[in-house]
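Hello,

Here is the structure I promised to pass on to you. Have a look at it first, and then read on for what turned up in it.

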Amino acid sequence: MNLTINKDRLAGRLTELAEIGRIGETGVCRLALSKEYKEGMKRVREWMDEAGLKTRFDNFGNLIGRLEGKNPDKPAVMLGSHIDSQPSGGRYDGTIGVLGGLEAVQTMMENDIVPETPVEVVSFCDEEGHRFGVGLFGSRGILGKLEPGELERADEDGVTRREALIEFGADPTRLQESEYDADKIASYIEMHIEQGPNLQEQDEPIGIVSGIAGPRWLTVTLTGVSGHAGTVPMPMRQDPVTGAAEIITAFNSIVQTEDGAPAVGTVGDLKVTPGGRSIIPEKVEFTIDLRDSDLARRDGYEQQLKETVKAVSEKHRLNHEISDDGGTTPKESSKEIMTIMSEESETMNLAPPVLMSGAFHDASHMADACGMGMIFVRSKDGISHHPDEYSTDEDIAVGTELLYRTMLRLVADIA
């Protein structure tokens, strides 16, 4: 394939950025607003400056590089992702979207193409959410969607997000000044590793994202009666673990009710109290993560789950409680942007599959403000949030080429 973008420059930057916060041979730890994060963002800003973009840090800890174009007052086309990581993450999650976006805009400038509309490359702050417990901070911030008390959330060392922002150089008393008017953003495109095995199984380097599943989070608590494991007869027991096992098994079946549906359900955390080999438990608490791209179907599965919890609890004479832990609604990609991506893929002799994203991204909130599109890049064995996370330079270059060509269409079509 004849690439317009500079594959070697992009690969070199990815390699250099991976050295900042490197752990082991291939791992990365760049927690949001940490010393490593600050160093990484500083390096990305230097590359943006070298490319000729006008750069700034905002008060949410985001880095923005802007090219004004012929009509600076028009809504901007925005490209971006994040460079913060999990504590033991990989070098590609998020970073290919930031550096790929920079490569696309730099290539456009080097080819003496002046866009009709402004273009921005954004590295959003704290997409991962590990340090302070809630992610997508920067993308929610610029849209005015932060929740009360978020600045007072503390990390494991007791440092609050407010304090970390101040240390980073931001001013949390002036967050509103960094918010965007929604009519100032025309579209948002994010390139990201797939974080799943579908592209590898289909032997395709890239995919086009149709939408982002909306997670629904609940916590189920079952309370029974504790007792001696050796003396209480089985028919007399009120064992919450037995009830939890039935509910979890039923939940696994519920999300597979409709063949081919992209729904997924996970019980990721389970706590047994008091906990002991010879003790019948008194209480069990477990989390529910339910995701689907279809909101009505997701709501239906949630209702089935709640009915199951009630029925199983009555069967085993347990008290039950279901707490609402929030979530987000599913988001659809822009049909216009998907069409452009499909058409430009044909010119590259590619036929990328259309995939749904089960993971959430900054794009999920940007879709509330503008047309959103995403490109997935093949992930080896579907591994992500782990040092073994890997995408080839060739696949990343192909994704960036499609990002570049899609961007060119958007900056022209808006004029």
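Please keep in mind that the model is predicted. Is Asp 93 buried or exposed? With a relative accessibility of 6%, Asp 93 is below the 20% cut-off, so this residue counts as buried. Leaving out residues up to four places away in sequence, Asp 93 touches His 82, Glu 128, His 192, Ile 193, Gln 195, Ser 384, His 385 and Glu 389.

The entry, which is unreviewed, gives the feature "binding site" at His 82, Asp 93 and His 192. These residues are spread over 111 residues of sequence, yet they cluster in space, with a largest C-alpha distance of 9.7 Å. From this set, Asp 93 is part of the lining of the largest cavity.

Now to His 82, which belongs to strand β5 (residues 76–82). His 82 counts as buried because its relative accessibility is 0%. Which side chain does His 82 join through a polar contact of 3.3 Å? The partner is the side chain of Asp 93. Setting aside neighbours within four places in sequence, His 82 is also in contact with a number of other residues, among them Gly 94, Thr 95, Val 98, Ser 123, Phe 124, Glu 127, Glu 128, His 192 and Asp 362.

I hope this helps when you open the model.

Best wishes

Note on methods. Residues are numbered from 1 along each chain as its sequence is written. This is a predicted model: local features need pLDDT of at least 70, side-chain atom pairs count only at pLDDT 80 or more; totals for chains, interfaces and linings use all residues. Side-chain values use heavy atoms; hydrogens and water are left out. UniProt positions are given in the numbering used here, feature names are shortened, and annotations may be inferred rather than shown by experiment. On a 1 Å grid over the protein atoms alone, a cavity is a set of points where a 1.4 Å probe fits but cannot get out, and a pocket is an open set with protein on both sides within 12 Å along at least five of seven lines; lining residues have an atom within 4 Å of a point. Helices (H or I, at least four residues) and strands (E, at least two) are DSSP runs, numbered from the N terminus. Buried means under 20% relative accessible area, exposed over 50%, partly exposed in between (1.4 Å probe, protein chains only). Contact means heavy atoms within 4.5 Å. A polar contact is a pair of N or O atoms within 3.5 Å; within protein, one must be able to donate a hydrogen and the other to accept it, and residues adjacent in sequence count only if both atoms are side-chain atoms.
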